[in-house]
Amino acid sequence: MDRIENHPILGASPERKLVSFTYNGKLMEGFEGEPIAVALKAAGVMAHRYTKKKHEPRGIFCAIGRCTDCVMVVDGKPNVRTCITPLAEGMKVETQYGASAKNVEAISD
């Protein structure tokens, strides 16, 4: 996994519980409570969604939940900002393609 285990200023990472989740049907692991985007990045996943018009890939950009570049479908719900959503055991995470009427409704909630 591609994570900082011993930060030069913050020190060693505390003990964390490893959990399983699926990404586009593939079984993966990450640490409970870390942002979904972090678990995906550690597994080498960089593209979280594709734009509707040009089908361009998007991934982590701001990492604080302000933009929509990291949105994905999580447990059937579209437009979840994965950079601020904590990972939990058994989550079903899927790449998001464009924005459907269902997705637009989720954005306005």
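Me: Among contacts in the chain between residues at least 6 apart in sequence, what percentage join residues at least 24 apart?

Reply: In this predicted model, 44% of the contacts between residues at least 6 apart join residues at least 24 apart in sequence. Of the 109 residues of the chain, 38% count as buried, and the chain exposes about 7,000 Å², of which carbon and sulfur atoms supply 55%.

Me: How many helices and strands are there in the chain, and which pattern do they follow along the sequence?

Reply: The chain holds two helices and ten strands, and, read along the sequence, they follow the pattern β-β-β-β-α-β-β-β-β-β-β-α.

Me: How do strands of a sheet pair, and what is the order in the open sheet of three strands?

Reply: In general, strands of a sheet pair through backbone hydrogen bonds, which run either parallel or antiparallel. Here an open sheet of three strands has the order β6-β5-β10, with mixed pairing, and its edge strands, β6 (57-58) and β10, each pair on one side only. Strands β5 and β10 pair in the parallel sense over two bridges, and Tyr50 stands opposite Tyr97 in β10.

Me: How many aromatic pairs does the count come to?

Reply: The count comes to one aromatic pair: Tyr50 and Tyr97 are stacked, at 5.4 Å centre to centre with 5 degrees between the planes. This pair links distant parts of the chain, since Tyr50 in strand β5 (residues 49-50) and Tyr97 in strand β10 (residues 96-97) are 47 residues apart.

Me: Why does Tyr97 count as exposed?

Reply: The cut-off for exposed is over 50% relative accessible area, and Tyr97 counts as exposed because its relative accessibility is 54%.

Me: Which residue lies over the face of Phe31?

Reply: Arg16 lies over that face, at 4.0 Å from the ring centre of Phe31.

Note on methods. Residues numbered from 1 in each chain as written. Predicted model: local features only at pLDDT ≥ 70, side-chain atom pairs only at ≥ 80, totals over all residues. Heavy atoms only, no water. Phe/Tyr/Trp six-rings, centres within 6.5 Å; stacked < 30°, edge-to-face > 60°. Helix = DSSP H or I, 4+ residues; strand = E, 2+ residues; numbered from the N terminus. Buried < 20%, exposed > 50% of the residue type's maximum accessible area, 1.4 Å probe, protein only. Lys NZ or Arg CZ within 6 Å of the ring centre and 35° of its normal. Pairing = 2+ DSSP bridges. Contact = heavy atoms within 4.5 Å. Areas by Shrake-Rupley, 256 points an atom, 1.4 Å probe, with all protein chains shown as cover.
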